[in-house]
Amino acid sequence: MKQRSKYLLLLITLLFIGVPKLAAQAGGMIDPVKFSQQITDDGKKTVTVSITARVIDGWHLYDQNLPSGGPVSLVFHTDKLKGAKALGGFKANKAPHRYTDDIFGIEVREFAGTVTFSQKLEITDPKAFVYEGQLKGQACQDNCVLVDYDFNFSSKQLSKAMLAVAASEPAETTDEEATPGAEADSTETALGASDSLSVGANSASFSEANYWAPVIDQLKEYGDRNQKQSTAGLLYIFIYGFLGGLIALITPCVWPMIPMTVSFFLKRTKSRKAAIRDAMIYGLSIIVIYVALGLIITAIFGASALNNLATNAVFNIIFFLILVLFAVSFFGAFELVLPAKWTNKMDSKADSTTGLLSIFFMAFTLVLVSFSCTGPIIGTLLVQAGTSGEIVAPAIGMIGFALALALPFSLFAIFPNMLQNMPKSGGWLNSVKVVLGFLELALSLKFLSVADLAYGWGILDRETFLALWIIIFALLGFYLLGKIRLPHDTPLEKISVSRLFMAIISLAFSVYMIPGLWGAPLKSITAFAPPLYTQDFNLYDGEVHAKFDDFDAGMRYAQETGKPVLLDFSGFGCVNCREMENSVWIDPTVKGLLEDDYILITLMVDDKTALPEIIEVEENGSVKKLRTIGDKWSYLQRSKFAANAQPYYIAIDPAGNPLSASYAHDTDISKYIDFLKGGLKEYEVRKKELAK
């Protein structure tokens with residue numbers, strides 16, 4: 001009972017780590033700013049719309065247009081403007097407080113108390129007047145919250161004098177003249193505008209460059225074959241599955257079954273040829289069962305739903321809890337098994353049937369009996385397959401897993417003498433299970449981290465993650481040295497050479513991660529650890545930060561500056577993205593090219609932040625609703641570039657046209673430099689052609 005209490009305490013500690021931090025963010029649903037609106041007019045053609053912000057004591061609201069790299073600026077978005085045109089932007093009725101922020105190292109501006117932001121409009125058609133939009137900003141005290149307010153002005157709020165003037169004289173301009181594209185303003189904000197731009201000293205312009213337009217044919221001309229990326233992804237999933245199957249083989253649930261099952265086939269018939277045939281069918285049945293599982297998962301959820309689940313907070317937290325539960329089980333606190341009646345039923349089916357069906361039910365029995373060891377491996381594999389976005393990925397992963405699991409049953413049936421050289425079952429199998437428990441515990445934190453990053457909770461930042469991994473792998477090292485004993489462990493009289501080397505590796509890995517607490521890149525685990533920007537105390541300054549995380553804002557800036565753009569389609573849960581950022585981007589040459597020669601725009605396709613309003617788009621003959629920022633960027637990647645895997649890098653000009661073929665996950669720094677320089681070279685050629 002005491003042992004169970006200890007493990008329960010460990011589970012509770014892991015589950016609630018960082019809870020004070022979460023409570024500080026979510027507790028009480030603080031609403032530090034109250035907004036109100038009003039409109040006044042001169043009875044002729046001009047109106048003033050005003051939005052008043054009342055900030056509670058002790059809080060402050062940041063001003064508009066703050067320098068990049070600092071707090072969130074106040075922004076006014078226009079969703080619809082009809083029957084009027086703006087005469088400038090929103091202006092505050094008082095000067096903000098200015099000071100240099102020690103954390104950001106820049107000058108910031110903020111308002112306290114009450115402040116009113118006003119904007120003048122020239123009314124062109126009073127009866128049709130509509131002005132809808134939203135403001136977004138950030139208010140801070142000891143902690144910060146995002147604030148927003150939807151404003152809506154209409155002709156109903158205009159004075160009778162202005163409406164009377166409108167009735168007596170025609171409108172001076174049409175809506176289209178007053179605000180080009182006003183009726184589609186909301187769509188333009190979401191899906192890009194059609195703008196002309198200038199590049200280079202000679203101001204050669206692109207005509208009506210719509211940077212959201214598809215460029216798939218242009219990519220094909222560069223020899224870009226996005227399917228290569230998908231094929232590589234499927235190959236990795238197959239390899240992950242195969243390695244997972246090999247690990248499952250040496251668990252206490254499977255290993256003892258190998259000699260028992262092979263001996264049964266050899267004794268079942270006098271013909272060795274028939275025994276080999278039965279063993280081969282047995283192995284094939286295992287593959288069929290697991291592949292069917294992968295296909296069923298895909299049929300129920302679909303590839304896109306699995307991808308969404310992979311970054312869904314509830315799903316990741318549930319999977320985190322499941323892995324912790326399995327880890328505690330592997331440590332010996334309790335045994336996780338499927339209901340006995342399931343395995344008994346399969347046993348009875350195997351006994352009562354003959355031929356191929358009997359062998360199939362025997363394979364099914366193995367799958368059920370081994371669940372307690374294979375369950376977490378299969379679950380992790382299916383999640384990895386789901387994030388690939390490929391519809392066949394779960395089935396491919398299951399083929400790899402089942403092939404590794406089935407191989408020894410067929411191999412030992414063909415070469416039965418090899419059975420004599422197999423290590424006998426014993427205490428070492430329990431040690432394997434405990435080691436898997438430590439690994440499952442470490443891996444579970446990855447799933448909690450994905451949810452934390454996608455929703456911006458800030459529970460599991462980088463140093464917290466690393467501290468937990470350091471402790472877990474240090475404890476694993478001490479366990480391998482026999483310094484820690486768990487239930488069902490047999491006393492170690494001596495330590496084998498292989499066990500000693502595994503302990504050295506685990507302890508060395510734990511020590512290797514310690515500098516990461518102060519910002520060391522730790523290239524070997526960048527695929528698992530949260531990104532460097534989540535670290536509170538960071539002495540490392542070699543990482544690259546994107547200049548923009550919004551496609552439209554970045555493209556407008558590129559048009560103004562005449563610089564090419566590097567689009568980085570990434571994701572909070574994308575392990576290969578983190579590896580590229582912390583293995584390739586930190587190279588001095590790459591860093592210089594990204595920061596000095598390109599406008600870097602990073603778009604997170606799994607960002608769960610809700611859009612101001614749902615956007616409806618037509619895709620593959622059906623209407624699709626984009627609800628989050630991640631939905632929007634994922635749609636952009638699919639519609640414009642016919643790609644859906646991350647990381648995905650593409651160099652484009654300010655008109656949105658590709659400068660070269662795309663680049664996927666490849667940590668060869670020289671190749672990446674060639675990719676970046678190739679895009680710059682092509683851009684210079686285009687500027688010269690436009691200047692002629």
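I take buried to mean under 20% relative accessible area, exposed over 50%, and partly exposed in between, with a 1.4 Å probe and protein chains only. The model is predicted, so I read local features only at pLDDT of at least 70 and side-chain atom pairs only at pLDDT 80 or more, while totals for chains, interfaces and linings use all residues. Residues are numbered from 1 along each chain as its sequence is written, and side-chain values use heavy atoms, with hydrogens and water left out.

Asn65 sits in the loop between β3 (60-62) and β4 (75-82), where helices (H or I, at least four residues) and strands (E, at least two) are DSSP runs numbered from the N terminus. The phi of Asn65 is near 55°, a positive value in a residue other than glycine. Most residues other than glycine have a negative phi. I then turned to Ala642, in the loop between α22 (629-641) and β18 (648-652), and noted that its phi is likewise positive, near 55°. Ala642 is partly exposed, at 37% relative accessibility.

I located Asp452 in helix α16 (residues 427-455), and I count Asp452 as buried because its relative accessible area is 5%. Its side chain reaches the backbone nitrogen of Leu460 at 3.0 Å. Setting aside residues up to four places away in sequence, I list Trp457, Gly458, Ile459, Leu460 and Asp461 as touching Asp452, contact being heavy atoms within 4.5 Å.

I found Met280 in helix α9 (residues 272-301), partly exposed with a relative accessible area of 44%. Beyond its neighbours within four places in sequence, Met280 is in contact with Ser410 and Ile414. The C-alpha atoms of Met280 and Ile414 are separated by 9.1 Å, although the two residues are 134 residues apart along the chain.

I noted 23 helices and 18 strands, and 49% of the 692 residues of the chain count as buried. Of the contacts in the chain with a separation of 6 or more, 73% are between residues 24 or more positions apart. The accessible surface of the chain comes to about 33,400 Å², and 60% of this area belongs to carbon and sulfur atoms; accessible areas come from the Shrake-Rupley method with a 1.4 Å probe, and for residues only the protein chains shown count as cover.

Terms used
A polar contact is a pair of N or O atoms within 3.5 Å; within protein, one must be able to donate a hydrogen and the other to accept it, and residues adjacent in sequence count only if both atoms are side-chain atoms.
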